[in-house]
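Please keep the sequence and the model in view while reading the numbered points.

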Amino acid sequence: AIEGASIILRPSAPGIAPDELTNWALIPLVKKEELIAVVGIIFPQSQTLDDDILDALELYVGAGRLLASYADKFAQYERLIQNQSQFVRVVSHDVRAPLTSMLGFASMLESGAAGPLNERQTYFLEKVLSGITQIEALVENIQDAGRFDPDNGFYELHREPTDIGQMIKLMIQNYLLPPDKQSLELNVDLADDLPILNIDANMVERAITNLVDNAVKYTPDGSQVIAGAKVDGKDFVIWVQDNGNGIGPEHLDKLFDRHYRARLKEHARIKGSGLGLFIVRSVAIQHGGRAKAESAEGQGSTFSIHLPLSGANLVGYDEAAQSMLDDA
């Protein structure tokens with residue numbers, strides 16, 4: 001045996017002739033004085049266990065213990081992710097009830113149901129309603145970022161044939177501009193003969209809304225935001241273009257990361273959680289696609305979702321039949 005009994009050596013294995021196998025070793029992996037695994041090493045021919053071989057076995061012991069440690073840390077990480085997801089679900093659910101109540105009572109005050117308000121009271125009420133709206137949007141983004149996350153999310157896609165062009169039209173028609181952007185123009189630019197796609201309409205609509213929200217947020221009043229869709233090669237492309245200040249190239253690759261925001265002086269007063277574009281990318285990945293940002297400082301930005309015109313995104317696609325073909 002080697003020092004500390006970390007490796008146990010025996011001259012032969014049970015049931016195997018000595019001329020076929022003369023040495024074998026058991027390497028116990030112990031964590032906190034508890035045996036968690038045993039690694040066996042056999043020598044296929046007569047082998048002298050000199051110092052070099054024993055040193056190599058000690059190296060295997062260290063590597064095994066390191067792997068066991070990493071496995072434990074990975075298990076802890078998995079538990080942390082599960083706890084975080086559960087926390088987000090619970091908090092998102094529990095926060096919605098008081099927010100709905102607050103919004104209801106504040107709206108009653110705004111309508112005059114509790115009596116007339118003077119100018120100062122009306123101003124304060126507008127601030128309260130604005131704060132409630134911001135919290136609602138934040139809660140919704142936190143919830144969607146957790147469930148749509150392609151790596152750790154728990155949302156299951158519910159695909160259905162969807163006219164994305166019509167979805168964009170209705171969204172722009174019904175979009176409510178914030179009070180400070182009432183002169184902002186919202187326009188639609190749709191290519192002809194757009195195909196119907198088999199997608200999760202709820203997810204894609206949420207992603208498009210986030211793209212429009214982002215464009216409106218960073219575009220000066222009096223300018224315009226355009227939302228559109230087209231077919232580009234093998235992709236169905238949904239895009240939103242703004243006339244904002246634009247973003248430098250050093251930020252483009254990071255814009256879709258969770259919580260990332262380009263810290264620009266002209267954006268100092270613009271509020272956000274840095275989750276909107278992360279959700280856009282998550283929705284694109286869940287549909288086998290990607291998200292893209294194109295921008296230049298002083299020339300505005302274009303954000304797009306590229307959905308492949310193949311596989312499950314096609315109407316009539318049979319996942320079970322395709323799985324059988326892949327296995328054949």
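1. A helix axis is here a line fitted to C-alpha atoms over the stretch in contact, and the angle between two axes runs from 0 to 180 degrees between N-to-C directions. In this predicted model, helix 4 and helix 6 pack at an angle of about 145°, and their axes are 9 Å apart. The crossing of helix 4 with helix 6 is left-handed. From helix 4, the residues in contact are Met-203, Val-204, Ala-207, Asn-210, Leu-211 and Asn-214, and they meet Gly-276, Leu-277, Ile-279, Val-280, Val-283 and Gln-286 of helix 6. Sorted by class, this contact holds eight nonpolar and four polar residues, with no charged ones.

2. The protein chain contains seven helices and 10 strands. Of its 328 residues, 36% are buried. When contacts between residues at least 6 apart in sequence are considered, 65% of them join residues at least 24 apart.

3. Helix 2 (residues 119–148) and helix 4 (residues 201–218) pack at an angle of about 130°, with 12 Å between their axes. Helix 2 is therefore oblique to helix 4. This crossing, too, is described by its hand: helix 2 and helix 4 cross in the left-handed sense. On the side of helix 2 the contact is made by Glu-140, Asn-141, Asp-144, Arg-147 and Phe-148, and on the side of helix 4 by Asn-202, Met-203, Arg-206 and Asn-210. Which classes of residue make up the contact of helix 2 with helix 4? There are two nonpolar, three polar and four charged residues in it.

4. Helix 6 (residues 276–286) has a list of buried residues: Leu-277, Phe-278, Ile-279, Val-280, Ser-282, Val-283 and Ala-284. The elements that cover these buried residues include helix 2, helix 4, strand 9 and strand 10. After helix 6 comes Gly-288, which has a positive phi, near 75°.

5. The sheet may be taken next. Strands of a sheet pair through backbone hydrogen bonds, in either a parallel or an antiparallel manner. Here five strands form an open sheet in the order 5-7-8-10-9, and the pairing is mixed. Strand 5 (185–190) and strand 9 are the edge strands, each pairing on one side only. From one strand to the next, the twist averages 15°. Helix 4 lies across strand 5, strand 7 (224–232), strand 8 and strand 10, and it runs at about 25° to strand 8.

6. Is strand 10 (residues 301–308) mostly covered or mostly uncovered? Strand 10 is mostly covered, since eight of its eight residues are buried. In a regular strand the side chains alternate between the two faces of the sheet. In strand 10, Ser-301, Phe-303, Ile-305 and Leu-307 point one way, while Thr-302, Ser-304, His-306 and Pro-308 point the other way, and all are buried.

7. The partners of strand 10 can be identified in turn. Strand 8 (residues 235–242) pairs with strand 10 in the antiparallel sense over seven bridges. Within this pairing, Phe-236 has Leu-307 as its bridge partner in strand 10, and Val-240 has Phe-303. Strand 9 (residues 290–295) is also antiparallel to strand 10, and six bridges join the two. Lys-292 stands opposite Ser-304 of strand 10. Strand 9 and strand 10 form a hairpin with five residues between them, and Gly-298 in the turn has a positive phi of about 85°.

8. Is Asn-198 buried or exposed? The cut-off for a buried residue is a relative accessible area under 20%; Asn-198 has 13% and is therefore buried. Leaving aside residues up to four places away in sequence, Asn-198 touches Arg-159, Glu-160, Pro-161, Ala-312, Asn-313, Leu-314 and Val-315. Asn-198 also illustrates the relation between sequence and space: Asn-198 and Thr-162 are 36 residues apart in sequence, and their C-alpha atoms are 6.1 Å apart.

Notes: Residues are numbered from 1 along each chain as its sequence is written. This is a predicted model: local features need pLDDT of at least 70, side-chain atom pairs count only at pLDDT 80 or more; totals for chains, interfaces and linings use all residues. Side-chain values use heavy atoms; hydrogens and water are left out. Helices (H or I, at least four residues) and strands (E, at least two) are DSSP runs, numbered from the N terminus. Angles under 35 degrees count as roughly parallel, over 145 as roughly antiparallel, 65 to 115 as roughly perpendicular and the rest as oblique. A crossing is left-handed if the near helix is turned anticlockwise from the far one by less than a right angle, and right-handed if clockwise. Contact means heavy atoms within 4.5 Å. Ala, Val, Leu, Ile, Met, Phe, Trp, Tyr, Cys and Pro count as nonpolar, Asp, Glu, Lys and Arg as charged, and the others, Gly among them, as polar. Buried means under 20% relative accessible area, exposed over 50%, partly exposed in between (1.4 Å probe, protein chains only). Two strands pair if DSSP finds at least two bridges between them.
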